[in-house]
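The following exercises are meant to be worked through with the sequence and the coordinates side by side. Try each task before reading its solution.

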Amino acid sequence: MSLGLDVFGDKWTLLIVRDLMFSGKRHFRELLASEEGISSNILADRLKMLLAEGIISKAEDPSHAQKVVYSLTEKGVALLPILLQISEWSYQYRSVGEEYPRPAETADTNAQMDEVRRAHLVQAS
């Protein structure tokens, strides 16, 4: 567990992965605008770490020469079941507002992973 916590030991790292995975955010400014209010220096640091760990990749944005697009790698997609379990735990044991839907059933996990792969891995190829 401690090896995983070396990568995910703070709240920002998994929130960035969450936003890439579920919110369709792909650019620095989109990630910066998340409601939790991450600072730009922390976001830059966590993106650098996620790149070094092989959890995300980055490529030039074909629509804008000065932007990059962040994508999940297969290693990043593999975090989906973990994020779903954390979400389910939060839903059961923390005060979650009604505006947040309950996480999808576990049976949908493979389909969700395929959807995330299509969005991130196919475009990155």
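**Exercise 1. Describe the overall make-up of the protein: how many helices and strands are there, and in what order do the elements run?**

Solution. The model is a predicted one, and its secondary structure comes to 7 helices and 2 strands. Read from the N terminus on, the elements follow the order α-α-α-α-β-β-α-α-α. Turning to burial, 33% of the 125 residues count as buried, while the accessible surface comes to about 8100 Å², 53% of which belongs to carbon and sulfur atoms. Finally, among contacts between residues at least 6 apart in sequence, 52% join residues that are at least 24 apart.

**Exercise 2. Work out how the two strands are arranged: do they run parallel or antiparallel, and how many bridges join them?**

Solution. Strand S1 covers residues 56-61 and strand S2 covers residues 64-72. The two run antiparallel and are joined by 6 bridges, and with 2 residues between them they form a hairpin. To place the pairing in the model, locate Glu-60, which stands opposite Val-68 in S2.

**Exercise 3. Determine which residues of H4 are buried, and on which side of the helix they lie.**

Solution. The buried residues of H4 are Leu-43, Arg-46, Leu-47 and Leu-50. Because these cover an arc of only 105° around the axis, they lie on the same side of H4. The spacing can be understood from helix geometry, since an α-helix has 3.6 residues a turn and residues three or four places apart therefore point the same way. On the other side of H4, Asn-41, Lys-48 and Ala-52 are exposed. The cover over the buried residues includes H2, helix H3 (28-32), S1 and S2. Just after H4, Gly-54 takes a positive phi of about 75°.

**Exercise 4. Identify the residues that touch the most other members of the largest nonpolar core, and find which element gives the most to this core.**

Solution. The largest nonpolar core has 24 residues, of which Ile-16, Val-17, Ile-56 and Leu-72 touch the most other members. H2 is mostly covered, 9 of its 12 residues being buried, and among them are Trp-12, Leu-15, Ile-16, Val-17 and Asp-19. The contacts of Ile-16, leaving aside neighbours within four places in sequence, are with Leu-31, Ile-38, Leu-43, Arg-46, Leu-47 and Leu-50. This contact list includes Leu-43, Arg-46, Leu-47 and Leu-50, which are the buried residues of H4. As general background, nonpolar side chains tend to be buried together in soluble globular proteins.

**Exercise 5. Decide whether Ser-34 is buried or exposed, and name the residues it touches beyond its sequence neighbours.**

Solution. Ser-34 lies in the loop between H3 and H4. Its relative accessible area is 7%, and because the cut-off for burial is under 20%, Ser-34 is buried. Not counting residues up to four places away in sequence, Ser-34 touches Asp-19 and Lys-25. Ser-34 and Asp-19 are 15 residues apart in sequence, and their C-alpha atoms are 7.9 Å apart in space.

Definitions and conventions. Residues numbered from 1 in each chain as written. Predicted model: local features only at pLDDT ≥ 70, side-chain atom pairs only at ≥ 80, totals over all residues. Heavy atoms only, no water. Core = buried A, V, L, I, M, F, W, Y, C linked by side-chain atoms within 4.5 Å. Buried < 20%, exposed > 50% of the residue type's maximum accessible area, 1.4 Å probe, protein only. Helix = DSSP H or I, 4+ residues; strand = E, 2+ residues; numbered from the N terminus. Contact = heavy atoms within 4.5 Å. Areas by Shrake-Rupley, 256 points an atom, 1.4 Å probe, with all protein chains shown as cover. Arc of directions from axis to C-beta. Pairing = 2+ DSSP bridges.
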